Every structure is written in structure tokens, then in C-alpha cells.
Amino acid sequence: MAAVLVTAPAADVSAVQLRDSHRRLLHVLTQSRGVSMPHLKQIHGQILRTGSAIEDCTDTFYLYSRLIHFSSLQDVRYAEKIFSQIANPNTFMYNILIRGYAHSKDLKSRAFPLFRNLLEEENLLPDKHTFPFVLKACAYLFSLIEGKQAHAQFLKRGFGPDVYVNNSLIHFYASCGCSESARKVFDKMPDRSLVSWNAIIDALVQLGEFDEALKRFVELMESSSFHPDGYTLQSVIDASTGIGALSMGIWAHAFILKRCIIDTNFDVLVSNSLIEMYCKCGALRMAAQVFEGMSRRDVNSWNAMILGLAGYGEAERVFEHFNRMIDVEKLLPNSVTFVGVLSACSHRGLVNDGRQYFNLMVTEYNIEPVLQHYGCLIDLLARNGRIDEALDVVSGMPMKPDAVIWRCILDASCRNSVGTLDSSEEIARKIISEEGANNSGVYVLLSRVYASADKWDDVGLVRRLMTEKGVAKEPGCSSVEINGVVHEFFAGDTTHPWTNEIYRFLDVIDEKLKVEGYAPDFSQAPFVGEADGKAQCLRLHSERLAIAYGLLNSKHGDTIRVFKNLRVCKDCHSFSKLVSKVFDVEIIMRDRLRFHRFKNGQCSCMDFW
Ligand code: ZN
Ligand code: ZN
């Protein structure tokens, strides 16, 4: 803004002169959209010099509010200094300052004490504008107790129905991980705007409660006259991605095409989410369709497609996209792009390419490798049996390796049976020291190390240790979507209404597979026991229940999409390959790390995973 300098009036100014002087300053502060900090300090100094008749001059009061407002945007401490010079601040000034702290980078913790001061003021009350900022700061700081106190004050003062504050409450509880409280606030709201609906659906997505988020969305569509907007659909797509609910994702896509008018910027955002959704729901072809149909793509669009392809081990297509992005669209790859490229190399065991891309990233694009890049490279080397080279990379890393890296080396040495027992035990100890002794994964791996070395006594020891320490193995869980409904199965699950049919059908599958020469592979079911018991154990792995249910409910030509929370075991992998051949069906399985596409008795991972 133009530098307007207001000269200070002489010391013996009359009340009229004082008022005029303040009005001029006020004019400066109201006519400008931003005033620099030095200029604000100058104006503040001038007001102080003229003496403040603040209690009886409305203009002066307003002048101070503006000063606090402008300085709170730049230097909230200075804003509080001005605030402290006011004998009787009002709620409006409190709100400005609380908002300033809530939006500040590192002083958010000042918002709640200020709120408490406001409550202690004799003649002042918080108003509905006070709460959203207090709650915002509490949400950021995970201050559950303070936020709850604000909530209690909000109810006590009769603001219960206010939509805006309720949205803030939903956001606050969701940020603190209290989905139940967020839901309660939502359910008690008498008037729900679309923005409210969006708040609860988004909160549930952020909390990972995708199923619940989709239920709320269906409720929104059924019970109200609101039409979902771009934000609602974005959340629905994210929830579909999280849960693998392809048909809901397709529905949201169709809805956007037919009914939503979305501006170009939002269009790129939504398309990127659609690409991610289709990739993660096992529909790579549809992801590619969305990608190719985009009129404008940003680096995130390319990253979404590259990461998606990498998950399927489609390394050649990843390289092709990478080149196209740089040569044709003249976009610079970023750190995420290289995570995609390197993980594609890792999923396919392309050691030379992986090393080359890693070097390219550092030398050509000046991207400093982060733990994830190192993780991909180490995984790639280790899984190709180059454990020593992987350990070299670990020792050359500028950062401390995390438990994920150690686990991948341990896992690789188990798979390749190259690790000596001593070094495997050493690595297991490192993981336990990194993650604490409560990580079930490392015990499972360690028991596999002992099993592959035929040390069954030690396997039993590990198992007893797990029981003693109360470490529970993360239960395997697989889901399959049938006619728009996602069905979830745990290992050995008997809670599904179709349980009898599923187990009977598993017997049928077993008989058919036996004819094809299938024999269970126990190498990854290391716990001691009779062979029959182990076979039974493998037979009940959750993905088999999901596949059986999928087969029972699909017709010829359908693709069965299964999502599993853990890595698929070797035996279930062989099982799925044979099922795809015997039943002439395509099975797409997303496990913890990647996709497997089973067709005609083969898997797209080429048995390297
Ligand atoms: Zn299995
Ligand atoms: Zn596979």
C-alpha cells in the first residue's frame, strides 16, 4: 500500500483533534488490505503518543481492533502486546487474538489460555465465533481435555444448534481420533448443512473408518435434500479407495460425470483421486482411462499412475510413463515419482535399473533420497539374494534404518535361505530394539528363521515367548466386494451368514486342486504341529474364504477382487494361481505390498513378490 504517514498531534490536542487524528489512522487501517508490521508499529506508537481515550471513543476502540487484527496476521505476540494495553477488551478482540494464535505456526498453545481468560472476564461472554478457533487449536495440538472443556462451555451457553461450531467439534474429535464423539455431535445436530455432512464423512475417512463414511454418505443421499458436491465425492472416492469398494468408486465417478460441475483445478484433484482409487481397487485399466482422458495433468497425476502401475509390477509401463512425463509433458519428477519407479524395480527384481534410477534421482534431479527410496533399493537388493549389498546400503545411509528396513532384510534372508542363523537373530534383535518387543511380525519372521534352519525347539520357544508377552499376531483379514457390498473375512472366520456354504465349497475346491497336483506348502506355516493341523491352518487363511465366497457369487467372466491386510503366503499364492486355472476366473489380489493378478494358472508377479 502507499505509505501514509500521519503526523502526531501536539501534546495539548483537543478531543476533536484527537478524534480526527484517530479517524485518519482508522482510514489507513480500513482502506488497506495489508499493512506491514513496521507501519503498524508506527501507527500504534502514534496512538500511544496522543494518549488513548479508548473507553469513550468508539472509533478508537475500532482502531485498536483493526490494529490487533492486522498484527495478529503477522506477529501475534505483538498483537497480544497491543491487546494487553486495552483496559476493557471486548469479546470481538478476544476472538481476533484467539484466531491469531490458532492460525499461528508455533504459538497455537496460547489459544486455550486466552479462551480461559475470556471466561474469567466479569462482563464478557464467549460467542459462537470464539469456539471454532479454540477447537481448531485444540485439534492441531491433540488437546482432548481442553477441547472437551470448550465443548462443555459451548453447550452450557446454549449454542448447541450452531452448525459452524458443530462442524468444528466434529473436526476436533476426528483429529483426536475420537470417532464416537464426532458421530455423537453429528447425530445431535438439529440442522445439518451439506458442509456438515461433508465434515462427518471427511472426518470418518481421515480416521480410516471408510465403511462408516460410506454408510453416512448413503444416509445423506437417502434422507436429505442435499446434493453431494465435489468435496463430498472426493471423500467418497477416498473411502472407496481405502476399503476397496470399487462399485461405490465407479458410482461416484459416474455421478461426477453426469451431475457435477467442477472447475478445472478441482477436476485435476478429483481425477487424481479417481486414478488412485481405480489402481487400489484393482482396476488398472480404468485408472489408465481416466489418466489418458485428462485434458490437464499435474505431477501428482503422473505420480498416481506411476505408483499404481508399480503396485502391479508393470515396470516397463512405469518407465514408459516416466519418460513421457519428462520428454513430452516437460514435467520434473519429484521424490514421490522416484518412490514409484524404484518400487516398480523392486517388485520386478530389476537390480540394474533400480540402481540406475537411484543414481539418476540424486545426480540428475538433485533429489535427496529419503528413507522410502533407500527402503526400495534395500528391498530390491535383499530380495534378489544380495543381502551383503543391501547391508552396505544400510551402513551408507545418512539416517538410521527403521524397523521396516530391518524386517525386509530379515524377510529376504528367510525367503532366500541365505542368511546365517546368527545374522538373522542379530537383525531380529535390532527390530525389537527399534519397535519394542510387542511387534508380532518380527516373532513370526524369527520363527520362520528357526523353521528354515530346522530348529523346531526354538520355534516353540518363540511361540511361548509371544504368549508370555501377550503379543498377538495381527489377524489376517481379506475382503471381497459382491454386488456393491464388501464382505470381510478373518482367518478361520465362522461369522459370515454363508459360512456353511463357504466351507463346503472350500472342500470342493480342494478336491479339484488335488487333481491338478496341488499339495500344501508348509514352509511359511512354521509353528509346530501335525501336518494335518498345518494344512487346516493354511486352508483357513482369510483370502481363501474370500475367494470361495467370491466364486460362489460370481458368474463366468467376472473378476474377483480380494483385498488382504497382510502379505499373501506362498501356499495361498499357489492356491490362487490354480483356482484361476481350474475355475477359469481372473482373481486380482491386493496384499499389504502389491497387486497379484491370477489368470490361467499364472500370476502377474511372476512368483516374485
Ligand atoms: Zn495363506
Ligand atoms: Zn503373485
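This is a predicted model: local features need pLDDT of at least 70, side-chain atom pairs count only at pLDDT 80 or more; totals for chains, interfaces and linings use all residues.
**Zinc ion (ligand 2)**

I looked up the donors first. The zinc ion (ligand 2) is coordinated by His 573 through NE2, His 596 through ND1, and Cys 603 and Cys 605 through SG. The distances run from 2.0 to 2.3 Å.

Next I checked the geometry. The angles among the 4 donor atoms are 103 to 116 degrees, and the site is tetrahedral.

I then read the spacing along the sequence.

His 596 is buried. Cys 603 is buried too.

**Zinc ion (ligand 1)**

I turned to the other ion. Its protein donors are His 541 (ND1), Cys 569 (SG) and Cys 572 (SG). They lie 2.0 to 2.3 Å from the zinc ion (ligand 1).

The spacing of these donors along the chain is H-x27-C-x2-C. Both cysteines, Cys 569 and Cys 572, are buried.

**Ser 346**

Where does Ser 346 lie? I found Ser 346 in helix 19, which covers residues 335-348.

Is Ser 346 buried or exposed? Ser 346 counts as buried because its relative accessibility is 3%, and the cut-off for buried is under 20%.

I listed its contacts last, leaving out residues up to four places away in sequence. Ser 346 touches Cys 376, Asp 379, Leu 380, Arg 383 and Phe 608.

Key
Residues are numbered from 1 along each chain as its sequence is written. Chains are lettered from A and ligands numbered from 1 in the order in which they are written. Side-chain values use heavy atoms; hydrogens and water are left out. Donors are N, O and S atoms within 2.8 Å of the metal (3.2 Å for Na, K and Ca); water is not among the atoms, so sites may look incomplete. Four donors count as tetrahedral if all angles lie between 85 and 135 degrees; four count as square planar and six as octahedral if opposite donors are over 155 degrees apart and all others between 65 and 115; anything else is irregular. Buried means under 20% relative accessible area, exposed over 50%, partly exposed in between (1.4 Å probe, protein chains only). Helices (H or I, at least four residues) and strands (E, at least two) are DSSP runs, numbered from the N terminus. Contact means heavy atoms within 4.5 Å.
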